[in-house]
Amino acid sequence: MQAYDSKQALIDEITKRADLFISEFAPINNSDKDISVSEVDRTPAQMIAYQLGWMNLILSWEQDNQNGKDVITPTPDYKWNNLGGLYQSFYDKYADTPLEKLIETFRHDVARIIQLVESYQDKELFEQGGNGRRRHLPAGRFGNGFILILSRHLKHFVQKLENGKRYVEYN
């Protein structure tokens, strides 16, 4: 896992990766948000829902931690051996949300994550137990994985018009 020199370096990485991830949805129309192709394991809408689900879990873990509550990860309803069910709950939550709203929500939640990071001192972010409590905010995870996990799949979605009909093609 990459180490960051400062809180600002972490924020810069979050911003960069989030922008790269969400910018890949620009060419996708709302009517294509739920199209699935065999070579990609999630639809565009599911890719964003997955990210939203994890960001909201991290924010809720931190809120519970700050309120002195026991933090149950990943959730009280899902255990680590049932991540498929957890992911399906993310997809279901956002299933009827238009693509534009998913993108807006993603940007909003990234801003919330950045606010959370900004609320801590470097020591609290980068040293185990730096805030005197058990940490549920794995600082390196923000930049290294969770915001870009699925972005590599999006490059496979290309919109084309053929005989007046829109379809999504895998390249």
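1. Helix α1 (residues 7-23) and helix α4 (residues 99-118) have axes that come within 10 Å and cross at roughly 175°. That angle makes α1 roughly antiparallel to α4, a term for angles over 145 degrees. Axes are lines fitted to C-alpha atoms, for helices over the stretch in contact, with angles from 0 to 180 degrees between N-to-C directions. Helices are DSSP runs (H or I, at least four residues), numbered from the N terminus.

2. The model is predicted: local features need pLDDT of at least 70 and side-chain atom pairs count only at pLDDT 80 or more, while totals for chains, interfaces and linings use all residues. Residues are numbered from 1 along each chain as its sequence is written, and side-chain values use heavy atoms, with hydrogens and water left out.

3. Which residues of α1 meet α4? Among them are L10, I14, A18 and F21, and the residues in α4 include F106, V110 and I114; contact means heavy atoms within 4.5 Å. By class, this contact of α1 with α4 has twelve nonpolar, one polar and four charged residues. Ala, Val, Leu, Ile, Met, Phe, Trp, Tyr, Cys and Pro count as nonpolar, Asp, Glu, Lys and Arg as charged, and the others, Gly among them, as polar.

4. Helix α2 (residues 44-66) also packs on α4: the axes come within 10 Å and cross at roughly 30°. The two helices are therefore roughly parallel to each other (angles under 35 degrees). In the contact, I48, L52, M55 and L59 are among the residues of α2, and L102, F106 and I113 among those of α4. The residues of this contact of α2 with α4 divide into 13 nonpolar, four polar and three charged.

5. The structure holds eight aromatic pairs, in which ring centres of Phe, Tyr or Trp (its six-membered ring) lie within 6.5 Å. W54 and W80 are stacked (planes under 30 degrees apart), at 6.2 Å centre to centre and 15° between the planes. W54 lies in helix α2 and W80 in the loop between α2 and α3 (83-94), 26 residues apart.

6. Is W54 buried or exposed? W54 counts as buried at 5% relative accessibility (under 20%), whereas W80, at 45%, counts as partly exposed (between 20% and 50%, with a 1.4 Å probe and protein chains only).

7. W54 also pairs with F90, edge-to-face (planes over 60 degrees apart), at 6.1 Å centre to centre and 75° between the planes. F90 is in helix α3, 36 residues from W54, and is buried, with a relative accessible area of 7%.

How values were computed: Parallel < 35°, antiparallel > 145°, perpendicular 65-115°, else oblique.
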